[in-house]
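Subject: Structure for you to look at

Hello,

Here is the structure I said I would pass on. My notes follow below it.

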Amino acid sequence: MDWEEEERIRQERREKRRRLHEKIAETSKVNFDKGQQTRNDGKKTPIEGSEAQASVQNSPNDGQSNALNKQSKQKKQASKKKAKWQLPKLKVKRKSNTKSEPESNHRIAISDQAETTNDKMPPTKKVHKKNASNWKKMTCLLLPFIIALLVAGYYASPFNHVASISVEGVEQADDVNLYPLKEGMSVTALKNTKGEVEQAIVNQNPSVKSATVNVSEWNKVAVNVSAYRQLGYIQVADFFYPLLENDEIIDSPLPSLEKDLPLFEDYDISDDQERTKLTETIKAFSNLSDDIIQKISLVSYKGDDSNNDRIALQMVDGNVVKGFISSIGDRMSYYNGIASQLDGQTGLIDMEVAIYFTELNDGNNPYASAEDKKAYEESVAAESKASSESEASALDVSSNNGSSSEADSSTESTTEQSASETSQVENAGTQADSPTVETEATTGNNSATTSSE
């Protein structure tokens, strides 16, 4: 057959179905009107399903409808057998059908008639909708267990244990005590007690000013340490101990000096007064820069009964500085400018009252022994006496050529002048015979003036 014939047959089938539906609609309307009339009359005569069945029996396709009913029942049973693996469905009470019995019978009759009309249509599969409420309930029940399982897995996994620890900010990281921080500890516990761990590191290490613990890449820990500056060493017996700017002495004896830092000597740390003076000296030196501190080779305490605040510094370039502990920190900040004006000369830089430079000798050297100072004073006195005697003999020769009165007056004036020069040498420490460089400390500008007598 060609396509026109097929189209004509389809059209006839559609027309037959349309007529059949109209007939069913008319019969259902009549039955509905009858049921409505009985309700209006107050009689309880529901429309039985026999009338609907009679109308269905009048249709020519009764046998085919029965066959379709059997097939649908078999398919339902088969679907039930196949769905054994599915979760049991919860029984949900549905709302009761409030419609009247005649209306339900009417609907049954219409469904039966509709099945008879679709005898030539292929059977349709019924799709069973899943109950969404069941899945929601199951999800609410399982979600806490899933979360607990994930949390337990993280605590047991290597991501929750410290894998490596690195220390930054110090030269010798092995000397820093990091307890209670250690490899293998819980990262969660470390994060919860981070402040306590940082404080414990600071308390256990006197050289550590502050410590910061950072966790990166899940389980890698980095400790950033800020250390106190080391100002020098102090000698106790035959060993040297590092001295920090916070007045702490590191209890790690060294056989020799490891860094180019000054050695603090003549401080008896067992004596409370000298230990206090050492603390004051460290406080004064903490204001100096590293460049100036590295130019100092020796720091000596020179306090005595007359003045317990004296201090002397032996510089690397050969100069000697003397001053007071209370002011040495401020005045040593000008040392670089003073040294640049000396043009390579070495001597004594006095910073006690003012800042001036003079020639270094046993008389003014704070590192000279008492015997050397006494010998130097005796030699100066002998030289002054010899010079005065020579001047007196020269005056005697000249007096022979002049009047006796003039000779006596000149002799007396010469004697007085020599005596005054001798007393000046003893009081000023024999600074009259050497050039002097003075620097005003209050202005902060280094100005050198040279004078000679």
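The buried residues of helix H8 are Lys277, Leu278, Thr281, Ile282, Ala284 and Phe285; buried means under 20% relative accessible area, exposed over 50% and partly exposed in between, with a 1.4 Å probe and protein chains only. Seen down the axis of H8, these residues fall within an arc of 160°, so they line one face of the helix. The arc is taken over the directions from the helix axis to the C-beta atoms. An α-helix has 3.6 residues a turn, so residues three or four places apart point the same way. Asp272 and Lys283 are exposed and sit on the face of H8 turned away from its buried side.

Before the rest, the basis of these notes. This is a predicted model, in which local features need pLDDT of at least 70 and side-chain atom pairs count only at pLDDT 80 or more, while totals for chains, interfaces and linings use all residues. Residues are numbered from 1 along each chain as its sequence is written, and side-chain values use heavy atoms, with hydrogens and water left out.

More on H8. Its 14 residues should span 20 Å at 1.5 Å a residue, and the end C-alpha atoms are 20 Å apart, which agrees; the expected span is 1.5 Å times one less than the number of residues. At the start of H8, a side-chain oxygen of Asp271 comes to within 3.3 Å of the backbone nitrogen of Gln273. Thr281, in H8 (residues 272-285), has 0% relative accessibility and therefore counts as buried. Apart from neighbours within four places in sequence, Thr281 is in contact (heavy atoms within 4.5 Å) with Phe264, Tyr267, Val299, Ile311 and Ile325.

The other site is Asn361, in the loop between strand E11 (355-358) and helix H12 (370-401). Asn361 is buried, with a relative accessible area of 14%. A polar atom of its side chain lies 3.0 Å from the backbone nitrogen of Gly363. The side chains of Asn361 and Tyr376 are joined by a polar contact of 3.4 Å, that is, a pair of N or O atoms within 3.5 Å, one able to donate a hydrogen and the other to accept it, where residues adjacent in sequence count only if both atoms are side-chain atoms.

For the whole protein chain, there are 13 helices and 13 strands, which are DSSP runs (H or I, at least four residues; E, at least two) numbered from the N terminus. Of its 453 residues, 27% count as buried.

Regards
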